[in-house]
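Student: I would like to learn how to read this structure. Can we take it feature by feature?

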Amino acid sequence: MALPPIFDRLRLPVIGSPLFIVSGPELVIAQCKAGVVGSFPALNARPQALLDEWLHQITEELAAWDRDNPDRPSAPYAVNQIVHKSNDRLEADIATCAKWKVPITITSLGAREELNQAVHSWGGITLHDVIDDRFARKAVEKGADGLIPVAAGAGGHAGVQSPFALVQEIREWFDGPIALSGAIGHGRSVLAAQACGADLAYIGSAFIATEEANADQGYKNGIVEGRAADIVYSNLFTGVHGNYLRGSIVASGMDPDNLPEGDLKTMNFGSGGNTKVKAWKDIWGSGQGISPVTAVRPVADFVAQLEAQYLAARRELEAKVRL
């Protein structure tokens, strides 16, 4: 199945994943101008009224870019909605997104049929992130247009299944859009995502180490200096298992090798309700695919590098196939 026309303007088959606290208008606009989907969690805009201002800014700046660069139009943007019952501003956020006709909505931690219908009513599409085939089926049954399989090694709330196994199981019955998440930080990995059955790569951690990201400099440096071995998988901080930078856990006075279990009942997204430290603010999320990130740079430079790597990997693969 071909991708929806909304993705026709992509320079690369990449979605920049929504990063709590880190993703704001500056990062999203830079990603879209560079030719990849930019996204942010609605909850990043605080108070809720700020969401309207952000969407106005993104819409206006991308429209101006498109007028000035008809040969390089911007990619679409996405807003992430947390569907979990702890999100008491979901309805207000959906109403604001309806006002601006947000092109792509990414839903997390719950699938709701009425939300998908609302997005479709203004002409948008929905992508739902899932950690296994069972949740994928539920999301599609409730009207999601596409899926984001969050495989082992992804930053933030992540699953434990191999991307090969996860995408294969979903592709056995689903022919819609798939954006694979999990340790993707190099153009070669973008190509690999497509080779295993996905349409798009879903990249988060690498964008933290960009100039436009709203992240502490120590966080950005941690991404640059980090390797796969520096990632710790724990459910302590939000009640849901996720991947975090070891150094931030140590800096918060905890032993990353001896963390207690978290409790879903005390989940409080964005506040780290299970501990005195705050998830995302004090405990920094990161996926395992950060070793290719060697410097903090502008988004445009990172995407250009990603494109060069992707094209080189594709040429290399085509040469191997011809042998």
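Tutor: Start with exposure. Buried means under 20% relative accessible area, exposed means over 50%, and partly exposed lies in between (1.4 Å probe, protein chains only). Arginine 112 has 25% relative accessibility, so arginine 112 counts as partly exposed. Before we go on, note that this is a predicted model, in which local features need pLDDT of at least 70, side-chain atom pairs count only at pLDDT 80 or more, and totals for chains, interfaces and linings use all residues. Residues are numbered from 1 along each chain as its sequence is written, and side-chain values use heavy atoms, with hydrogens and water left out.

Student: Which residue does arginine 112 meet in a salt bridge?

Tutor: First the idea. A salt bridge is a side-chain nitrogen of Lys or Arg within 4 Å of a carboxyl oxygen of Asp or Glu. Here the partner of arginine 112 is glutamate 114, at 2.8 Å from N to O. Glutamate 114 is partly exposed, at 45% relative accessibility.

Student: How many salt bridges does the structure hold?

Tutor: There are ten. Take another one: arginine 137 pairs with aspartate 133, with the closest N and O atoms 2.8 Å apart.

Student: Where do arginine 137 and aspartate 133 lie?

Tutor: For this you need the element names. Helices (H or I, at least four residues) and strands (E, at least two) are DSSP runs, numbered from the N terminus. Both residues sit in helix H5 (residues 133-141). They are four residues apart, about one turn of the helix. Arginine 137 is partly exposed, with a relative accessible area of 37%. Aspartate 133 is buried, at 13%.

Student: What about a bridge between aspartate 199 and arginine 171?

Tutor: Their side chains meet at 2.8 Å, N to O. Aspartate 199 lies in the loop between helix H7 (187-195) and strand S9 (200-203), and arginine 171 lies in helix H6 (residues 163-171), so this pair ties together parts that are 28 residues apart in sequence. Aspartate 199 is buried, with a relative accessible area of 17%. Arginine 171 is partly exposed, at 25%. Bridges can also share partners: Glu91, Arg112 and Glu114 are joined into one network that way.

Student: Now helix packing. At what angle do helix H2 and helix H3 pack?

Tutor: Axes are lines fitted to C-alpha atoms, for helices over the stretch in contact, and angles run from 0 to 180 degrees between N-to-C directions. Angles under 35 degrees count as roughly parallel, over 145 as roughly antiparallel, 65 to 115 as roughly perpendicular, and the rest as oblique. Helix H2 (residues 50-68) and helix H3 (residues 90-100) pack at about 25°, with their axes 10 Å apart. That makes H2 roughly parallel to H3.

Student: Which residues make the contact?

Tutor: Contact means heavy atoms within 4.5 Å. H2 gives Leu51, Asp52, Leu55, His56 and Thr59, while H3 gives Asp93, Thr96, Cys97, Lys99 and Trp100. To sort them, count Ala, Val, Leu, Ile, Met, Phe, Trp, Tyr, Cys and Pro as nonpolar, Asp, Glu, Lys and Arg as charged, and the others, Gly among them, as polar. The contact of H2 with H3 then has four nonpolar, three polar and three charged residues.

Student: How do helix H1 and helix H11 pack?

Tutor: Helix H1 (residues 25-34) and helix H11 (residues 299-322) pack at about 40°, with their axes 9 Å apart. H1 and H11 are therefore oblique to each other. Leu27, Ala30, Gln31 and Ala34 of H1 meet Val299, Ala300 and Val303 of H11. That contact of H1 with H11 divides into six nonpolar, one polar and no charged.
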